[in-house]
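Please look over the sequence and the model shown here before reading on.

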Amino acid sequence: SIILMWQSGLNDDFFVYMAIFGSSIGFLIWNWSPAKIFMGDVGSASIGFLLGALAVIAVLEGRIAAVTLLIVHAAFIGDAPATLVVRFIRVQKIPEAHKSYFYQKLHQSGRSHSGVATLFGLYNTFWLLPVAYIFSVGRIPSWLSLVLAYGPILLAAVKYRAGFDNPANASVHSA
C-alpha cells in the first residue's frame, strides 16, 4: 500500500504510513518466530483500523482506486470468506474457534510460522503488488486484476481444505 500511495503523490497520509511501517518493522524483529513479545488482538486491530481508515480516506479523495486496495489485501481478504463460506455450508458454528483458515492449514502441513509469514510476504510483494501496479496504470481491467489477485489464494484455500477441521485438531479451540 505504501508504494501505491507514494505513486499517487506524497501527502500527510504517506508519512503516517511510513511511521506505521517503520514501527512495524521494529516490532517484527521482536515478534518473528519464536516471538519474544506478542502484539495481540488489541494492537493488531488498532493498526488494522488505522490503515483501513487511511485507505478509505485515500479512496474517497480519489488518490487510489478501491480495486487497488482489494488487490493488495487479497491474501488476507480472500482467506477469511473462503473459510467461513465452507464452514457455513458444512453447518459448522461460525463464531466458534477453529484452526481451518488457509494460513493455519499451511502451518499444519508442516511449514513453520516463519515459513508461512514469508510465503504470504512473497505473495504480496511479487504477485499482488505487481498486479495492483499494472491495474493502477491502466494496463488491465479491474475484473481481470481481481481474478489474478484472488484466484491463486482461493485455489490454494481449496487445495489445503480451508474450512475443514482436521480430525486431530477438532477439539482445539485456539485460532
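The report below takes up a surface patch, one of its residues, and the salt bridges.

This is a predicted model, in which local features need pLDDT of at least 70, side-chain atom pairs count only at pLDDT 80 or more, and totals for chains, interfaces and linings use all residues. Residues are numbered from 1 along each chain as its sequence is written, and side-chain values use heavy atoms, with hydrogens and water left out.

Met18, Phe21, Ile25, Leu28, Ile29, Trp30, Trp32 and Ile37 make a nonpolar surface patch of about 760 Å². Trp32 is found in the loop between helix 2 and helix 3, and Ile37 lies in the loop between helix 2 (12-31) and helix 3 (40-60).

Although Trp32 and Ser114 are 82 residues apart in sequence, their C-alpha atoms are 6.9 Å apart in space. The side chains of Trp32 and Ser114 make a polar contact at 3.0 Å (a pair of N or O atoms within 3.5 Å; within protein, one must be able to donate a hydrogen and the other to accept it, and residues adjacent in sequence count only if both atoms are side-chain atoms).

The structure holds two salt bridges, each being a side-chain nitrogen of Lys or Arg within 4 Å of a carboxyl oxygen of Asp or Glu.

| Salt bridge | N to O distance |
|---|---|
| Arg63 and Glu61 | 2.9 Å |
| Asp165 and Arg87 | 3.7 Å |

Asp165 lies in the segment after helix 8 (142-159) and Arg87 in helix 5 (residues 74-89), so this pair ties together parts that are 78 residues apart in sequence.

How values were computed: Patch = residues over 30% accessible without salt bridge, like charges linked within 9 Å, V, L, I, M, F, W, Y side chains within 5 Å. Areas by Shrake-Rupley, 256 points an atom, 1.4 Å probe, with all protein chains shown as cover. Helix = DSSP H or I, 4+ residues; strand = E, 2+ residues; numbered from the N terminus.
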